[in-house]
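Subject: Structure handover

Hello,

Here is the structure you asked to have passed on. The findings follow below it.

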Amino acid sequence: MPPKIDANEIKVVCIRVVGGEVGATSSLAPKIGPLGLSPKKVGDDIAKATTDWKGLRITVRLTIQNRQAQIAVVPSASALIIKALKEPQRDRKKVKNIAHSGNITMDNVIEIARIMKERSMAKDFSGTVKEILGTAQSVGCRVDGKPPHDVIDEINDGEYDIPKA
(Lines give C-alpha, C1' and ligand atoms only; values in the text may rest on other atoms or scores of the structure.)
Protein backbone atom coordinates (compact mmCIF):
# COMPACT_ATOMS: atom_id res chain seq x y z
CA MET A 1 0.00 0.00 0.00
CA PRO A 2 1.37 3.47 -0.87
CA PRO A 3 2.32 5.87 1.91
CA LYS A 4 -0.35 8.16 3.36
CA ILE A 5 -0.43 11.65 1.80
CA ASP A 6 0.17 14.55 4.18
CA ALA A 7 -2.95 16.78 4.17
CA ASN A 8 -1.02 20.04 4.55
CA GLU A 9 1.55 19.23 1.87
CA ILE A 10 1.33 21.44 -1.21
CA LYS A 11 1.89 19.72 -4.55
CA VAL A 12 2.31 21.64 -7.81
CA VAL A 13 1.47 19.96 -11.12
CA CYS A 14 1.99 21.73 -14.46
CA ILE A 15 0.00 20.54 -17.46
CA ARG A 16 -0.13 21.78 -21.05
CA VAL A 17 -3.75 21.92 -22.24
CA VAL A 18 -5.88 23.39 -25.01
CA GLY A 19 -7.82 26.32 -23.61
CA GLY A 20 -11.55 25.99 -23.14
CA GLU A 21 -11.63 22.26 -23.85
CA VAL A 22 -12.04 19.36 -21.48
CA GLY A 23 -8.82 17.41 -21.96
CA ALA A 24 -8.51 13.66 -21.95
CA THR A 25 -8.91 12.45 -18.39
CA SER A 26 -6.55 9.60 -19.26
CA SER A 27 -3.67 12.10 -19.40
CA LEU A 28 -4.67 13.74 -16.11
CA ALA A 29 -5.29 10.54 -14.14
CA PRO A 30 -1.66 9.41 -13.61
CA LYS A 31 -0.66 12.90 -12.43
CA ILE A 32 -3.49 13.76 -10.05
CA GLY A 33 -5.11 10.41 -9.31
CA PRO A 34 -2.52 9.44 -6.64
CA LEU A 35 -3.17 12.81 -4.94
CA GLY A 36 -6.81 11.84 -4.33
CA LEU A 37 -8.46 14.07 -6.93
CA SER A 38 -11.03 13.18 -9.56
CA PRO A 39 -9.51 13.66 -13.05
CA LYS A 40 -12.92 14.37 -14.57
CA LYS A 41 -13.73 17.13 -12.04
CA VAL A 42 -10.28 18.73 -12.41
CA GLY A 43 -10.59 18.54 -16.22
CA ASP A 44 -13.91 20.40 -16.07
CA ASP A 45 -12.38 23.02 -13.74
CA ILE A 46 -9.44 23.51 -16.13
CA ALA A 47 -11.83 23.95 -19.07
CA LYS A 48 -13.77 26.56 -17.07
CA ALA A 49 -10.60 28.45 -16.05
CA THR A 50 -9.18 28.54 -19.59
CA THR A 51 -12.22 29.82 -21.51
CA ASP A 52 -10.38 33.09 -22.33
CA TRP A 53 -7.69 31.06 -24.13
CA LYS A 54 -10.08 29.00 -26.28
CA GLY A 55 -8.22 27.02 -28.94
CA LEU A 56 -4.70 27.95 -27.74
CA ARG A 57 -2.25 25.55 -26.06
CA ILE A 58 -1.37 26.97 -22.66
CA THR A 59 0.25 25.75 -19.47
CA VAL A 60 -1.93 25.34 -16.39
CA ARG A 61 -0.46 25.13 -12.89
CA LEU A 62 -2.45 23.06 -10.41
CA THR A 63 -1.66 23.80 -6.77
CA ILE A 64 -3.04 20.93 -4.74
CA GLN A 65 -3.55 21.05 -0.97
CA ASN A 66 -6.05 19.11 1.18
CA ARG A 67 -7.39 17.37 -1.94
CA GLN A 68 -8.39 20.76 -3.38
CA ALA A 69 -6.91 22.08 -6.62
CA GLN A 70 -6.32 25.77 -7.34
CA ILE A 71 -5.93 26.40 -11.07
CA ALA A 72 -3.63 29.13 -12.39
CA VAL A 73 -3.15 29.81 -16.08
CA VAL A 74 0.50 30.38 -17.04
CA PRO A 75 0.40 31.69 -20.62
CA SER A 76 3.42 31.40 -22.89
CA ALA A 77 4.77 34.29 -24.96
CA SER A 78 3.41 32.79 -28.18
CA ALA A 79 -0.07 32.36 -26.66
CA LEU A 80 -0.04 36.00 -25.52
CA ILE A 81 1.04 37.17 -28.98
CA ILE A 82 -1.64 35.11 -30.74
CA LYS A 83 -4.22 36.49 -28.30
CA ALA A 84 -3.00 40.05 -29.01
CA LEU A 85 -3.57 39.43 -32.73
CA LYS A 86 -7.31 39.12 -31.90
CA GLU A 87 -7.84 36.35 -34.43
CA PRO A 88 -11.30 34.80 -34.65
CA GLN A 89 -12.00 31.53 -32.87
CA ARG A 90 -11.12 28.49 -34.93
CA ASP A 91 -11.89 24.82 -34.67
CA ARG A 92 -8.62 23.16 -33.74
CA LYS A 93 -9.60 19.85 -35.30
CA LYS A 94 -10.65 21.27 -38.70
CA VAL A 95 -8.23 24.17 -39.31
CA LYS A 96 -4.58 23.07 -39.20
CA ASN A 97 -1.27 24.92 -39.70
CA ILE A 98 -2.74 28.41 -39.51
CA ALA A 99 -0.54 31.36 -40.53
CA HIS A 100 -0.69 34.20 -38.01
CA SER A 101 -0.06 36.99 -40.49
CA GLY A 102 -1.55 39.82 -38.42
CA ASN A 103 -0.02 42.98 -37.05
CA ILE A 104 0.52 43.97 -33.39
CA THR A 105 1.68 47.28 -31.97
CA MET A 106 4.87 47.91 -30.03
CA ASP A 107 2.66 48.76 -27.02
CA ASN A 108 1.25 45.21 -27.19
CA VAL A 109 4.80 43.80 -27.27
CA ILE A 110 5.82 45.86 -24.22
CA GLU A 111 2.65 44.78 -22.36
CA ILE A 112 3.39 41.10 -23.12
CA ALA A 113 7.00 41.62 -22.01
CA ARG A 114 5.75 43.00 -18.66
CA ILE A 115 3.68 39.83 -18.16
CA MET A 116 6.65 37.58 -19.09
CA LYS A 117 9.27 39.60 -17.14
CA GLU A 118 9.55 37.24 -14.16
CA ARG A 119 10.02 34.20 -16.42
CA SER A 120 12.53 35.90 -18.71
CA MET A 121 16.25 35.20 -18.53
CA ALA A 122 17.15 38.69 -19.77
CA LYS A 123 19.21 41.01 -17.59
CA ASP A 124 17.16 44.12 -18.36
CA PHE A 125 13.71 44.90 -19.74
CA SER A 126 14.86 45.61 -23.30
CA GLY A 127 16.18 42.05 -23.44
CA THR A 128 12.74 40.75 -22.46
CA VAL A 129 11.17 42.89 -25.21
CA LYS A 130 13.65 41.38 -27.70
CA GLU A 131 12.68 37.87 -26.53
CA ILE A 132 9.01 38.69 -27.21
CA LEU A 133 9.92 40.13 -30.62
CA GLY A 134 11.79 36.92 -31.44
CA THR A 135 8.70 34.92 -30.50
CA ALA A 136 6.58 37.24 -32.68
CA GLN A 137 8.92 36.46 -35.56
CA SER A 138 8.51 32.72 -35.07
CA VAL A 139 4.70 33.10 -34.80
CA GLY A 140 4.79 34.95 -38.13
CA CYS A 141 3.19 38.29 -37.28
CA ARG A 142 4.47 41.82 -37.83
CA VAL A 143 5.10 44.62 -35.33
CA ASP A 144 3.91 48.11 -36.38
CA GLY A 145 3.89 46.87 -40.00
CA LYS A 146 7.56 45.82 -39.88
CA PRO A 147 9.20 42.41 -39.50
CA PRO A 148 10.05 41.84 -35.80
CA HIS A 149 13.76 41.38 -36.53
CA ASP A 150 13.93 44.91 -37.98
CA VAL A 151 12.43 46.21 -34.73
CA ILE A 152 15.09 44.28 -32.76
CA ASP A 153 17.78 45.95 -34.89
CA GLU A 154 16.19 49.36 -34.20
CA ILE A 155 16.23 48.65 -30.44
CA ASN A 156 19.92 47.66 -30.69
CA ASP A 157 20.68 50.89 -32.59
CA GLY A 158 18.84 52.95 -29.96
CA GLU A 159 16.02 54.16 -32.26
CA TYR A 160 13.30 52.70 -30.01
CA ASP A 161 13.07 53.95 -26.43
CA ILE A 162 12.19 50.98 -24.21
CA PRO A 163 10.84 51.89 -20.73
CA LYS A 164 12.49 50.47 -17.60
CA ALA A 165 9.75 47.86 -16.95
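Thr135 is buried, at a relative accessible area of 19% (buried is under 20%, exposed is over 50%, and partly exposed is in between, with a 1.4 Å probe and protein chains only). Thr135 sits in helix H5 (helices are DSSP runs of H or I of at least four residues, numbered from the N terminus). Setting aside residues up to four places away in sequence, Thr135 touches Ala77, Ser78 and Ile81 (contact means heavy atoms within 4.5 Å).

Before the rest, the conditions. The model is predicted, so local features need pLDDT of at least 70 and side-chain atom pairs count only at pLDDT 80 or more, while totals for chains, interfaces and linings use all residues. Residues are numbered from 1 along each chain as its sequence is written, and side-chain values use heavy atoms, with hydrogens and water left out.

Ile81

Ile81 belongs to helix H3, residues 77–84. Its relative accessible area is 0%, so Ile81 is buried. Apart from neighbours within four places in sequence, Ile81 is in contact with Ile104, Ile112, Ile132, Thr135, Ala136, Val139 and Cys141. Ile81 and Val109 are 28 residues apart in sequence, and their C-alpha atoms are 7.8 Å apart in space.

Helix pairs

Helix H4 (residues 106–116) packs with helix H5 (residues 125–139) at an angle of about 110 degrees, their axes 9 Å apart. Axes are lines fitted to C-alpha atoms, for helices over the stretch in contact, and angles run from 0 to 180 degrees between N-to-C directions. H4 and H5 are therefore roughly perpendicular to each other (65 to 115 degrees; under 35 counts as roughly parallel, over 145 as roughly antiparallel, and the rest as oblique). The H4 and H5 crossing is right-handed, which means that the near helix is turned clockwise from the far one by less than a right angle. On the H4 side the contact is made by Met106, Val109, Ile110, Ile112, Ala113, Arg114 and Met116, and on the H5 side by Phe125, Thr128, Val129, Ile132 and Leu133. Ten of these residues are nonpolar, one is polar and one is charged. Ala, Val, Leu, Ile, Met, Phe, Trp, Tyr, Cys and Pro count as nonpolar, Asp, Glu, Lys and Arg as charged, and the others, Gly among them, as polar.

Helix H1 (residues 25–32) and helix H2 (residues 39–49) pack at about 115 degrees, with axes 9 Å apart. That makes H1 roughly perpendicular to H2. The crossing of H1 and H2 is right-handed. H1 contributes Thr25, Leu28, Ala29 and Ile32 to the contact, and H2 contributes Pro39, Lys40, Val42, Gly43 and Ile46. The residues of this contact divide into six nonpolar, two polar and one charged.

Salt bridges

Side chains of opposite charge can pair when their charged atoms come close. How many salt bridges does a search of the whole structure find? There are two (a side-chain nitrogen of Lys or Arg within 4 Å of a carboxyl oxygen of Asp or Glu).

- Lys41 with Asp45: the closest N and O atoms are 3.5 Å apart. Both residues lie in helix H2, four residues apart, about one turn of the helix. Lys41 is exposed at 51% relative accessibility, and Asp45 is partly exposed at 25%.
- Lys146 with Glu154: the closest N and O atoms are 3.1 Å apart. Lys146 is partly exposed, at 26%, whereas Glu154 is buried, at 16%.

Regards

Conventions: Helix = DSSP H or I, 4+ residues; strand = E, 2+ residues; numbered from the N terminus.
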